[in-house]
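Here's a quick walk through one model, from the overall fold down to single residues. Have the viewer open as you read.

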Amino acid sequence: MAGTKKKRELDLSAFPSSSVTEYSTLVCLACVFDIFTTQLGFAPRTAYSEIRKYSPTIAELTAPKAVRPFFDSNDKQAHCPYCNAAKRWHARLETVRIEGGKPTDAARRALIKKLPQKDNQFQVLETTSDKRATFFDWLDTLVRNLDLEEAGWLLEATRAYLARLEPKTNWNEVFEGVRMVRRSQRLSEGWEREGSRLFLAPPIYNEALIVQYLVSRSHVHGGQTLEGRLTLFELIRRLRYSSYLDAKEISGADLRLSMRL
Ligand SMILES: [Zn+2]
């Protein structure tokens with residue numbers, strides 16, 4: 001969903017926070033015009049009407065690194081990094097990405113219905129992704145939002161994963177004062193808090209490990225997890241008895257793929 005003018009804040013309180021990601025990018029209309037006329041060979045008048053019809057793709061709106069004609073800047077007086085055009089040529093695009101599924105479907109329909117129609121201010125883009133693509137999208141967002149130099153990132157990654165698993169639970173509250181996350185010897189499902197420790201049922205604990213591994217894969221040699229530093233091989237061996245890989249439809253090939261990202 002993209003809005004060219006942010007006349008009022010969208011009310012997203014009906015959505016579990018783990019299902020919402022917000023993006024913001026600038027588009028340089030001088031660059032767009034140049035691409036349509038110089039590179040694509042449109043006459044100026046045709047270019048103008050094509051540009052009006054053009055709708056940015058989800059990939060363009062949510063790319064971690066913007067490419068021409070898109071650019072990222074928080075500087076109010078920024079000039080276009082490609083053609084140096086001044087501010088009046090720029091339009092800011094705010095994008096809210098809401099993951100579909102049972103916890104969000106009704107609220108999404110209600111939100112879309114309430115959006116102002118005037119001037120095509122808002123645009124709704126829908127895409128279906130398989131579970132695997134959705135998971136890796138979520139993971140990439142998580143990686144960008146975590147500071148891996150901060151000591152608490154392992155707990156933070158675990159909390160984010162649990163929020164994805166159980167969106168209705170208030171995990172900020174559950175994690176208040178938690179200093180340690182452990183594999184539970186008693187629970188077969190769910191979690192429990194005991195003092196400053198949070199115990200997770202083994203399947204959930206294993207999943208948290210793999211998320212930590214994937215988060216840290218680009219940062220260190222061998223992924224860092226609550227169980228120390230593991231190589232991918234060791235991790236997969238530990239997860240062999242967990243149903244994680246099958247349940248998430250992630251194969252070894254995907255893991256190797258994501259290692260290269
Ligand atoms: Zn430009």
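## The overall picture

Helices (H or I, at least four residues) and strands (E, at least two) are DSSP runs, numbered from the N terminus. Before going further, a note on ground rules: this is a predicted model, where local features need pLDDT of at least 70, side-chain atom pairs count only at pLDDT 80 or more, and totals for chains, interfaces and linings use all residues. Residues are numbered from 1 along each chain as its sequence is written, and side-chain values use heavy atoms, with hydrogens and water left out.

The chain has 261 residues, and 39% of them count as buried. Buried is under 20% relative accessible area, exposed is over 50%, and partly exposed is in between (1.4 Å probe, protein chains only). As for contacts (heavy atoms within 4.5 Å), take the ones in the chain with a separation of 6 or more: 59% of these are between residues 24 or more positions apart. The accessible surface is about 16,100 Å², and carbon and sulfur atoms own 50% of that. Those areas come from the Shrake-Rupley method with a 1.4 Å probe; for residues, only the protein chains shown count as cover.

## The largest pocket

The largest pocket has a volume of about 1,300 Å³. Of its 50 lining residues, Ser18, Ser19, Glu99, Thr134 and Arg164 are the closest to the centre. If you want to know how it was found: on a 1 Å grid over the protein atoms alone, a pocket is an open set of points with protein on both sides within 12 Å along at least five of seven lines, whereas a cavity is a set where a 1.4 Å probe fits but cannot get out; lining residues have an atom within 4 Å of a point. Grid points are joined across faces, edges and corners, and the volume is the space filled by probe spheres set on the points.

Which element gives the largest share of the lining? That's helix 5, with eight residues. Elements supplying at least two residues each include strand 2 (20-28), strand 4 (90-98), helix 4 (105-114), helix 5 (131-145) and helix 6 (153-165). By class, the lining splits into 22 nonpolar, 17 polar and eleven charged residues. Here Ala, Val, Leu, Ile, Met, Phe, Trp, Tyr, Cys and Pro count as nonpolar, Asp, Glu, Lys and Arg as charged, and the others, Gly among them, as polar.

## Salt bridges

Searching the whole structure turns up seven salt bridges, each a side-chain nitrogen of Lys or Arg within 4 Å of a carboxyl oxygen of Asp or Glu. One of them pairs Glu126 with Arg108 at 3.8 Å, N to O. Glu126 sits in the loop between strand 5 (122-123) and helix 5, and Arg108 in helix 4, so this pair ties together parts 18 residues apart in sequence. Glu126 is exposed at 61% relative accessible area, while Arg108 is buried at 18%.

Another bridge joins Arg186 and Glu192 at 2.7 Å, N to O, and Arg186 is exposed at 64%.

## Two buried residues

Phe15 is in the loop between strand 1 (2-3) and strand 2, and is buried at 7% relative accessibility. Leaving out neighbours within four places in sequence, its contacts are Val20, Ile98, Thr104, Ala107, Arg108 and Leu111. Phe15 is 84 residues from Glu99 in sequence, but their C-alpha atoms are 9.5 Å apart.

Ile204, in helix 8 (residues 202-216), is buried at 11%. With neighbours within four places set aside, Ile204 touches Leu162, Leu165 and Gly190.

Most residues other than glycine have a negative phi, and most peptide bonds are trans. Arg68 and Pro69 are joined by a cis peptide bond, with omega about 5°; Pro69 is in the loop between helix 3 and strand 3 (70-71). Asn84 has a positive phi, near 70°. Asn84 belongs to the loop between strand 3 and strand 4 and is exposed at 52%.
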